[in-house]
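Student: I am new to this structure and would be grateful for a guided reading. May we proceed by question and answer?

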Amino acid sequence: KVTAGPRGTTGYGISVEDPDAPRGTWWHWIIANIPSNVTQLNEGASRGKNAIPGSVEGKNDFENLGYNGPMPPKGQNHHYHFKVVALSSPLKLKWGCTKEQYEAALKGNIIGQGELIGTYAH
């Protein structure tokens with residue numbers, strides 16, 4: 001659970017990226033337009049009956065909508081960047097947007113941000 005974003009926050013965007021992937025940064029999740037009153041995500045908040053009302057999810061690098069978890073090659077430790085941005089206005093994105101469309105829509109709309117980096121290996 002987190003506190004509310006800065007004054008003027010209309011919603012949030014979240015991305016999860018793995019910069020250690022063999023073919024370059026691998027996107028695990030893109031979600032935008034999470035309502036500003038949402039301060040925590042429940043397990044399974046991505047997709048289906050648990051989708052966050054009002055949000056849109058983009059296509060990740062697994063070619064899926066929603067979140068797909070860490071899957072580094074066996075024996076490798078990867079860093080996972082969980083990035084949260086506070087938005088000044090809703091992003092004009094549709095379900096299934098690309099990471100390029102998400103990044104372009106963010107330009108000029110970020111009024112706050114945070115990042116958590118975790119590691120995972122198996």
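**Salt bridges and the sheet**

Tutor: Asp61 and Lys99 are both buried, where buried means under 20% relative accessible area, exposed over 50%, and partly exposed in between (1.4 Å probe, protein chains only). This is a predicted model, in which local features need pLDDT of at least 70, side-chain atom pairs count only at pLDDT 80 or more, and totals for chains, interfaces and linings use all residues. Residues are numbered from 1 along each chain as its sequence is written, and side-chain values use heavy atoms, with hydrogens and water left out.

Student: How far apart are the closest N and O atoms of Asp61 and Lys99?

Tutor: Asp61 lies in the loop between β3 and β4, and Lys99 in helix α1, 38 residues apart. Helices (H or I, at least four residues) and strands (E, at least two) are DSSP runs, numbered from the N terminus. The two residues form a salt bridge, that is, a side-chain nitrogen of Lys or Arg within 4 Å of a carboxyl oxygen of Asp or Glu. Their closest N and O atoms are separated by 3.1 Å.

Student: In what order do the five strands form the open sheet?

Tutor: Strands pair if DSSP finds at least two bridges between them, and the pairing here is antiparallel. The edge strands, each pairing on one side only, are β3 (56-57) and β5 (110-120). The order is β3-β2-β1-β4-β5.

Student: Which residue in β4 is the bridge partner of Glu17?

Tutor: Strand β1 covers residues 11-18 and strand β4 covers residues 78-87. Seven bridges join these two antiparallel strands. The partner of Glu17 in β4 is His81.

Student: Which residue forms a salt bridge with Glu17?

Tutor: Side chains of opposite charge can pair when their charged atoms come close. Here the closest N and O atoms are 3.3 Å apart. One partner lies in strand β4 and Glu17 in strand β1, so the pair ties together parts that are 66 residues apart in sequence. Glu17 is buried at 9% relative accessibility, and its salt-bridge partner is Lys83.

Student: Is Glu63, which forms a salt bridge with Lys59, buried or exposed?

Tutor: The closest N and O atoms of this pair are 3.9 Å apart. Lys59 has 35% relative accessibility and counts as partly exposed. Glu63, at 55% relative accessibility, counts as exposed.

Student: How many salt bridges does the structure hold?

Tutor: Lys83 pairs with Glu17, Glu63 with Lys59, and Asp61 with Lys99. The number of salt bridges in the structure is three.
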